Amino acid sequence: MKPDYRQLLKVLKKEVPDRPVLFEFFLNDALYERLNNGEAPVKNDGHDLMRRNIYAFKNAGYDYCTLHGSGFYFPQNSKDRMSTISLNDANTIVDWETYEKYEWPNVESFDNETTMQKAEEVLPEGMGLIVFGPGGVLENVIGLVGYDNLCMMLYDEPELAQLIFDGVGSRLVKYYEQFIERESVPCIISNDDWGFKTQTMLSPADMRKYVFPWHKKIVEVAHKHNKPIFLHSCGQADKIMEDIISDMKYDGKHSYEDAITPVEDCYETYKGRIAIMGGMDLHFLCTAKAEEITARANAMLERSAKIGGYALGSGNSVPDYIPQSAFFAMISAAHMKRS
C-alpha cells in the first residue's frame, strides 16, 4: 500500500480520511527488524537504524516515520539506567550554585541537517517525517532536578524553578524551529509526560504557570507555518484537557490508558475538538485474544468513520513485551478496511 501523509493530516484536522489511518509513536527493535525484512539500504554510516525504521513503518502501512531530528539533549549527571528509572535520581541542578555552574546546551551546535538529509534520501514517495523532541519541558526539568527536588523547589525557590523551566522551554522552541519549514515534515510531535494514573505530576495551577506557556510557544511554531502538532503525554489529563485544546491549541492528543479513561470515552467527549491518536490499551494488547483486539480496533474505526479525527494505534507505543501477534491483530483492522 502506498503511504500518503495527507491522510494523517486529515485526521489532525478532525476530518474524515479517505481510508483508515494508523498511528504509532514508536515500535521496538524486533518489530522494526521483522517489518523492514532487509529492505532498507545499508550504508554503515551511522544512520542504518533510521533507514530501517522508515521502511518498517512503510511496510506496516503507516504514512510517516517518527524520528528525533538531531542529537540535541540536556546534559545530566551520569547515572545507571535500567529497565525502569526513578524520577528522584536527578541532581544536576538542585540549588542556585548548581544552576550557575550548569552549561546549557546550544541547540544550533547539534547537527540536524545530516540526520534529515539522510532520512529524506530514502523516504518513500508519499511518506512524511514526524519530528519529536528529546523529551519535553516537564520531563527535562525533572531529569535535571529530580521530581522530589522539583516539588520542594517550587515551594522554596520558585524563581529558580522558573529559570530552569525557561532554560529548557526556550531551547525546545528553538529545536522545533529547526525542522518545521522542511517539506518532508508535515507535522510534529511534542512529547512530554505530565501525569500519573490519578492526577498531573504538578498541580494544574503549577502546570499552567511553569509548563503550559512553553508548550503554547511550541504549538505556535507549528501553526505559524500552517502545520499541525499533537501532544504525546501520559497520565490523568481530565483537569487540563481544556488547556490542551483551548489554550495551548494542540491539534491532537496521544497516550490513553483504560485504567484512566478508555479511548472510546475520550473520543466521544472530545471528537471534533481535538484528534484522538491511538488508544488501544497496552494491558489489553498484552492480555486479550487476537480476535478481541481486532474487534475493538474495528469498532473504533467504525465509531469514527463518519466523524473523523481518529488514527488507530496503541495507547502509548509498542514495547517489546507486547506480543507481535497483538500488534498485527490491531493494525489488521485498518488493513482489512483499506483492501
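View 1. N226, which lies just after α9, has a positive phi of about 55 degrees. Helices (H or I, at least four residues) and strands (E, at least two) are DSSP runs numbered from the N terminus. The model is predicted: local features need pLDDT of at least 70, side-chain atom pairs count only at pLDDT 80 or more, and totals for chains, interfaces and linings use all residues. Residues are numbered from 1 along each chain as its sequence is written, and side-chain values use heavy atoms, with hydrogens and water left out.

**View 2. The bend in α9.** Helix α9 spans residues 204–224 and bends by about 50 degrees at V211; the bend is the angle between axes fitted to the seven residues ending there and the seven starting there. A proline, P213, follows within four residues.

**View 3. Buried residues of α9 and their cover.** Buried (under 20% relative accessible area, 1.4 Å probe, protein chains only) residues of α9 are M207, Y210, V211, F212, W214, H215, I218, V219, V221 and A222. Their cover includes the helices α6 (137–145), α7 (147–156), α8 (158–177) and α10 (241–247), along with β3 (188–191) and β4 (229–232).

View 4. The chain contains 14 helices and 7 strands, and 57% of its 339 residues count as buried. Of its contacts (heavy atoms within 4.5 Å) with a separation of 6 or more, 76% join residues 24 or more positions apart. The C-alpha atoms fill a box of roughly 60 × 45 × 40 Å along the principal axes.

Notes: Buried < 20%, exposed > 50% of the residue type's maximum accessible area, 1.4 Å probe, protein only.
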